[in-house]
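Please keep the sequence and the structure in view while reading.

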Amino acid sequence: MRPPFRISFTMTVLGAFALLFVAAVGVVVSGYRATGARAALDTAARSLAQAAETAVAGTGALIRPVVALSTVMPEFAPLIEGSDPAARDIAALVALLGSEPAVQVVSVGLGDGSLRQVARAAALRGPSTPPVPEGTAFALRDIRAGESVEVWTFLDATLQVRHRAVRPAQGGDPRQAQWYLQARDEAVHISTLYDLPLVGSPGLSVSRRVPGTRAVFALDITLERLADFLARLRASPDSVLFLFTEDGILLAHQQAALAAPALGEGRTGWTTMAATADPLLQRVWRHYAQGMLLPGTTTTVEIDGAPMLVRLTPLEGLAAQQVVVAVAAPVADFTAPVDAAIRDGTVLAGLALVAGLLSIGLLAWRISRPLGVLTHEAEAIRRLELDAPVAVRSHITEIARLAGAMDGMKSALRLFGAYVPRSLVGRLMEEGATARLGGEKRPISVMFSDVEGFTTLAEGIAPEELMHITSDYFEALTGELLRAQATIDKYIGDAVMALWNAPQDDPAHAEHACRAALRSRHLTDTLCESFAARGWPRLRTRFGLHTGEAVVGNVGSSDRMSYTAIGSMVNLASRLEGMNKFYGTRILISEATRAAAGPGFVTRPVDLVLAKGAAQPIALHELLGLAVGNRLADAPLRIDPGLAARLPAWHRMIAAYRAARFEEAAAALAEAVDDGPDPLATLYAERLAALRAGPPADWSPVLRFTTK
């Protein structure tokens, strides 16, 4: 089964904050983007319409003089009568050049072939123009009907004659010029782009037939001037403005090269919207020709994946063919401020998110850290690790109250643990079990301890002081036994009953019990010295161990029960502890315990006994120490080398004694003892001395105990 998904409190708070913050920022950004985009597109439509209207007005300003002057031309003196600069027609033509910077040449052609042209001196760069004298502002060119010469009059800014030159006429019959031929009627006509003869650069001619005559009035406008004029009308940084006719002829563009492609040999030509290489012009013409892009409207078209706004405005009432002013601008030109604001806002939002996450993270950490500590404390309580206090300090009321409650629970459980084995409670918690009466049969090792002469000692000590002495004694002894994986069953006066392999499984329970007995012997010996230094009596302790099967569980009533072991083997363990007094030993263990503990311990056989109430005799052994102790802490538990050297003789003595070879046993005993006190050896010496004359008829090596 897969474990359930879990996430920490801090990550939960951070994730929730981040999601809410991102969602809120997303809603705001989306709303701002939508509102800003609409506002930007509205602004773009107005800007394009304004630029188109301005272009229409400006373009109309170039053409309207043709209309206006053509209505007054019949009032001028005949052009063939002279070339006096003061004449009204010449003055009017010069005034037109002065008021319209885009116009470079003004031409008037009559039906008889006469021609009068007024040009800006600075614009005369054509191959057929004469040298221009210094200080010239305007040049007047006259060709009279039927004559083969042309007269050039060069005027300064005050219309004073600077120079006059006569030379053969250039350019042929003016009635064959493009500007003359296109003026088929009294409407205004605009030519395609071509190389203007006097100017020597591409441009277009706007012409009109003078009403009631065969005279034609024309203006020459260079493409460069048109491009400059259109460039000044930008609706946005990357906007494009151009003029084209309803036939698809490109009249003018901000980039002059698009409207007048080079033909080679210094010549230029004109192009159509469909033939140009510019994708914007092609797309605009296609949409216009298909009726998808109507004059007077603003439409979005895709150019290389980028949206472009296009506005078409007709130039009406001025020319015979309809001229359309087109203004196009990338949508990004108008939405860029919105996008920039969104980017800046997003960066600020990101910084705010980081700052918020840090703040919320700090706050969540201030909450989760004590919660984490309390979680570890709860786990420690589950493991019954109750010694350390709950070290949680928080200004949050709920956390502080929880910490206080958990600390109180630890104190209560510590108090409870003084009466109930922690290992038992731990096992019940691990198994999820509840305390109920009953038990199970299982192999265990049981140890009983008892203080030698405690009754006599207690009679001579005040009860209060006796309580202090026994408290220190039991505190030290209990700690040693718990470290050896023992379960403290009960305290019986000055005695302690401990179990191994219950309730927790302990396969090496006999070994652990023997080691615990040795360490407890060393501990109580150390306590004796400490107590003596404090003026307290020495509490010399004896131990008895037995291994066997017993019923282990809860006994008592449903509301008050005790965990203990019941069975004959428990009684026998208690008998063994009591036999220490008879044999003068410190630790007596049964044969079952010795066999189960393994070869790591050194023992010496004591006797074959039949305890009171027992049906079968058992072999007693005195636990002397560790056979091998590699750790430094095991050094006090190792057997004395001298005693170890005498053990083989002791084993020979026991074997001879039990075989009723008493003389042999006495000899072996002499080898097994030294000059030091050994109550057990003294006991056997007395037995052997009494048996020298021969054993009684009913003699047996088994000693029967009739008292507990």
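By about how much of a helix are R594 and E591 separated in α14? The two residues are three apart in helix α14 (residues 591–597), so about one helical turn separates them. Helices here are DSSP runs of H or I with at least four residues, and strands are runs of E with at least two, both numbered from the N terminus. R594 and E591 form a salt bridge, with their closest N and O atoms 2.7 Å apart; the term denotes a side-chain nitrogen of Lys or Arg within 4 Å of a carboxyl oxygen of Asp or Glu. R594 is partly exposed at 32% relative accessible area, and E591 is partly exposed at 29%. On this scale, buried means under 20% relative accessible area, exposed means over 50%, and partly exposed lies in between (1.4 Å probe, protein chains only).

The model is predicted: local features need pLDDT of at least 70, side-chain atom pairs count only at pLDDT 80 or more, and totals for chains, interfaces and linings use all residues. Residues are numbered from 1 along each chain as its sequence is written, and side-chain values use heavy atoms, with hydrogens and water left out.

Across the whole structure, 26 salt bridges are found. Side chains of opposite charge can pair when their charged atoms come close. R534 lies in the loop between α12 (509–533) and β20 (541–556), whereas D472 belongs to helix α11 (residues 463–483), so the pair ties together parts 62 residues apart in sequence. R534 is partly exposed at 46% relative accessibility, as is D472 at 32%.

A further bridge connects D674 and R646, whose closest N and O atoms are 3.1 Å apart. This pair links distant parts of the chain, 28 residues apart: D674 sits in the loop between α16 (662–672) and α17, and R646 in helix α15. D674 is partly exposed at 44%, but R646 is buried at 19%.

Helix α15 also contributes to a pocket. Together with β24 (618–626) and α17 (679–690), α15 (641–658) is among the elements that each supply at least two residues to the lining of the second largest pocket.
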